[in-house]
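Biologist: Can you take me through this one? Plain words, please.

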Amino acid sequence: MLDFDRAVNTATVTATSFRVWGRSGGRMTGTLAWSIGNQRRTFAPSRNFFPGELVHVNLAESIAGVDATPLTTGGRTLNWLTAAGAAAATFDLIDTVSVRNPGGSTTRLYGGNFPDINHDGWIDYVAVNEISADLRVLLNRADGNGLLHPVIQPPRAIGVEASPNEAADFDHDGLLDTATANTTSNSVSVVLGNGDGTVDPQQELGVASSPHGLAALDVDGDADLDLVVATSGGNTMSLLRNNGAGVFGQRSDFDSGGNGEYALGYGDMNNDGIVDLVVGTQNDESIRVLRGNGDGTFTAQAAAIARGRPWMIAIGDVNGDRFLDVAVANGVSNNGAILLGNGDGTLQSGVVVNLGGSTSTVIATDLGDLDGDGDLDWVLSGFGGGRW
């Protein structure tokens, strides 16, 4: 249910100006109704979202009131996590699967995402691989056991040394697509899903040197998902705008204000309805919020101390104050840190958690409700020690 500040010209609310989608399930269809003199819009989803799924609602700035004036500039974005059921937060190994091609050709997993790529109501796995530089899709067996089919052949080529990735519906066909940042080839790959587990050939887009962090968000208020990349070698940020059909234009670069842009997250850090960027810069060991202006530009806020060299960022409200916070994995610094948000786009200095033991190179961080109690839990992983 969305309440607007005045009566809406309902003809301006269309499938392209009002989008509801989930990161795991893609576009959500449903029934729509207006009430309170066309000031309230109620959306009833046609199916359930997945437990713990990140849900997005994108409103374009083209939505207007009955007086024909836009309701807002820069559009608006809403995000939330769906509730997860109660669980013991313990895990059992049920299977080990291989992402190798028949014959055992060399590859190396370097990330992945978990969308319902064939739209059958079951979560699948899209493996991101370096060395072989490709995506490999493993479909869920869809029998409730959580097991996967072998890799769909052939794999789909992407850029070299891909890792950070985003699953999103870039062309608004209701099917989830994948974008990757490719560190060695200095590019971003976008592959569009066909709905059967296969994907189209990549659109490879050149960016500045050594891209790592990647974010898919609406930067300019048209409700299309654009791409922003943090490039440590170029010491800059790169923006790639979506034309609405999943086709991205030439990059435009801008500065974060930091040194060595590497980690990247996004969220509404000041509760103004416009999505902001959160950038981790390695050389000065800091986290910076870049407040979105709604027109494709950003305004850098004061730096916060990361307590290490940021490798990856996760965004969520970890202390229940309705302000977004930052959970950072600090790479070779062998620690993680929580930076609490102040609700105005600024962050407090990081509070460190040292992993200790034999763990080294803390490269991944994520937030989610693992036990279903309504609080966000935090997971860090270390590469060298091979443990969580």
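This is a predicted model: local features need pLDDT of at least 70, side-chain atom pairs count only at pLDDT 80 or more; totals for chains, interfaces and linings use all residues.

Biologist: Fine. Where does Asn38 lie, then?

Modeller: Asn38 is in the loop between strand 4 and strand 5. Its phi is near 65 degrees, which is a positive value in a residue other than glycine.

Biologist: Why point that out?

Modeller: Most residues other than glycine have a negative phi.

Biologist: Is Asn38 buried or exposed, or something in between?

Modeller: Asn38 counts as partly exposed because its relative accessible area is 30%, and that class runs between the limits of 20% and 50%.

Biologist: What about Ala68, what is its phi?

Modeller: Ala68 has a positive phi of about 75 degrees, and it is not a glycine either. Ala68 sits in the loop between strand 6 and strand 7. Its relative accessibility is 59%, so Ala68 counts as exposed.

Biologist: Peptide bonds next. Which residues does the cis one at Pro154 join?

Modeller: The cis bond joins Gln153 and Pro154, with omega at about -10 degrees. Most peptide bonds are trans. Pro154 lies in the loop between strand 10 (134-138) and strand 11 (156-157).

Biologist: How many bridges join strand 16 and strand 17?

Modeller: Strand 16 and strand 17 pair over five bridges, in the antiparallel sense.

Biologist: Change of topic: charges. How many salt bridges does the count come to?

Modeller: The count comes to nine salt bridges. Side chains of opposite charge can pair when their charged atoms come close.

Biologist: Which residue does Arg19 pair with?

Modeller: Arg19 forms a salt bridge with Asp224, at 3.1 Å from N to O. This pair links distant parts of the chain, 205 residues apart: Arg19 is in strand 2 (residues 18-22), and Asp224 is in the loop between strand 16 (211-217) and strand 17 (226-231).

Biologist: Are those two buried or exposed?

Modeller: Arg19 and Asp224 are both buried.

Biologist: What is the N to O distance for Arg6 and Asp5?

Modeller: The salt bridge between the side chains of Arg6 and Asp5 has an N to O distance of 3.4 Å. Arg6 is partly exposed because its relative accessible area is 25%, while Asp5 is exposed, at 60%.

Biologist: And what partner does Asp253 have?

Modeller: Asp253 forms a salt bridge with Arg251, and their closest N and O atoms are 3.0 Å apart. Asp253 is partly exposed at 38% relative accessibility, and Arg251 is partly exposed with a relative accessible area of 36%.

Biologist: Last topic, pockets. How much space lies in the second largest pocket?

Modeller: About 300 Å³. Its lining has 17 residues, and those nearest the centre are Ala15, Phe18, Arg19, Arg27 and Met28. So Arg19 turns up again here.

Biologist: Which strand gives the most to that lining?

Modeller: Strand 2 gives the most, with four residues. At least two residues each come from strand 2, strand 4 (30-35) and strand 5 (40-45).

Biologist: How many of the lining residues are nonpolar, polar and charged?

Modeller: Eight are nonpolar, five polar and four charged.

Terms used:
Residues are numbered from 1 along each chain as its sequence is written. Side-chain values use heavy atoms; hydrogens and water are left out. A salt bridge is a side-chain nitrogen of Lys or Arg within 4 Å of a carboxyl oxygen of Asp or Glu. Buried means under 20% relative accessible area, exposed over 50%, partly exposed in between (1.4 Å probe, protein chains only). On a 1 Å grid over the protein atoms alone, a cavity is a set of points where a 1.4 Å probe fits but cannot get out, and a pocket is an open set with protein on both sides within 12 Å along at least five of seven lines; lining residues have an atom within 4 Å of a point. Grid points are joined across faces, edges and corners, and a volume is the space filled by probe spheres set on the points. Ala, Val, Leu, Ile, Met, Phe, Trp, Tyr, Cys and Pro count as nonpolar, Asp, Glu, Lys and Arg as charged, and the others, Gly among them, as polar. Two strands pair if DSSP finds at least two bridges between them.
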